[in-house]
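Here is a short note on the model, as requested.

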Amino acid sequence: MEKNIAVIWGDCSSKEIVRESIRVLDKIAAKYGHTFNYTDVAMGGEALDKYGDPLPQHELDKCLASDSVLLGAVGDPKWEGVKGEMRPEKGLLRLRAGMGLYSNNRPAKIWPQLADASPLKPSIVEQGIDFIIVRELIGGCYFGEHKTDVLENGEKQAVDTMPYSEHEIERIGRIGFETAMKRNKKLTCVDKANVLDTSRLWREVMHKLQAEYPEVEYSEMFVDNAAMQICKNPSQFDVIVTENMFGDILSDEASQITGSIGMIPSSSLGDGTRGLYEPIHGSAPDIAGQDKVNPIACILSAAMMLRYSFDMAAEADDIEAAVNKVLDKGLRTADMMSEGCTLVGCSAMGDAILAEI
């Protein structure tokens, strides 16, 4: 099978993890008789350096012409002072919108070998951590109106709006229910319906969808309580569906309780099979070029791409099994290092995973 993959190398340490991910994809291609063609795409700080724009249309067009997109991470300290639409992160928001990717799926699963790295008590970890957050990706306050005005008294006032329409809620809510049907048939909608009109509309739409999925145990939870419960009793969750900003915050919290943010992949999907696959961590500028960054989340993101966009389940299983074997051998990058394990760098971790495929 031949597939065209758009590759966004990203900024800072991102290039190191993308390199290892492509090595793994090439090994899979050779083993299973596939051909993966790669097209480089500039986005974020790299695109600002080249074009003065975090995502020019011609770079977005490369992504739209691909079968799927693999991304490391964007963001560079030298661009932190840039305001508005020219920030590196704006390129990512525009990419998601341009590709029509409205569903971000982030698993929170603890690998048994990393149980000791979780900041939670062993008694909590032993109950299990294995849930997924389905986050609406191209609506809400991140894509609403943003403005800063000067009031009559000379004081500045900033306003960010959080718009949601029924169809935006319905399509992400349906993915939440469908995901629950494929797992343990349990769905929690997280909102702030005691304050926000948008959340009350979410509940109205979700209640209509609930009637279509009588097998799913459906519940609702305020976002502040959900943030607490993820730390207090994560085993109660199977699938969480929520709006953009809440999902952004909760998924980062959920990743940390699993032991290392460097282990968590993600997928962003729309109506077709083309998706955007990326680790949930940032570009790690403090360790860029030092061969210290953990490549596993990016490698697992590549595995998710094979599974969900290319229908290559066996190939994805092969990568995930290789990661599991490497962890069994006690190899660890600095972010997940513990007593009795062997510290390795980014490229050595890639070598070890390749050896197990």
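1. Contact here means heavy atoms within 4.5 Å. The model is predicted. In that sense, the cover over the buried residues of H9 includes strands S4 (103–109), S5 (130–136), S8 (186–191) and S10 (239–242), along with helices H7 (197–210) and H8 (223–232).

2. The buried residues of H9 are Asn-244, Phe-246, Gly-247, Asp-248, Leu-250, Ser-251, Glu-253, Ala-254 and Ser-255.

3. The length of H9 checks out. Helix H9 (residues 244–256) has 13 residues, which should span 18 Å at 1.5 Å a residue; the end C-alpha atoms lie 19 Å apart, in agreement. Glu-243 caps the N-terminal end of H9, with a side-chain oxygen 3.0 Å from the backbone nitrogen of Met-245.

4. Cys-63 counts as buried, at 0% relative accessibility. Cys-298 also counts as buried, at 0%.

5. The largest pocket holds about 920 Å³ of space. Of its 29 lining residues, Pro-107, Ile-132, Met-304, Arg-307 and Tyr-308 are the closest to the centre. Elements giving two or more residues to the lining are S4, S5, helix H6 (166–182), strand S11 (265–269) and helix H10 (296–308). S4 supplies the largest share, five residues. S4 is also among the elements that cover the buried residues of H9.

Technical notes: Residues are numbered from 1 along each chain as its sequence is written. This is a predicted model: local features need pLDDT of at least 70, side-chain atom pairs count only at pLDDT 80 or more; totals for chains, interfaces and linings use all residues. Side-chain values use heavy atoms; hydrogens and water are left out. Buried means under 20% relative accessible area, exposed over 50%, partly exposed in between (1.4 Å probe, protein chains only). Helices (H or I, at least four residues) and strands (E, at least two) are DSSP runs, numbered from the N terminus. The expected span of a helix is 1.5 Å times one less than its number of residues. A polar contact is a pair of N or O atoms within 3.5 Å; within protein, one must be able to donate a hydrogen and the other to accept it, and residues adjacent in sequence count only if both atoms are side-chain atoms. On a 1 Å grid over the protein atoms alone, a cavity is a set of points where a 1.4 Å probe fits but cannot get out, and a pocket is an open set with protein on both sides within 12 Å along at least five of seven lines; lining residues have an atom within 4 Å of a point. Grid points are joined across faces, edges and corners, and a volume is the space filled by probe spheres set on the points.
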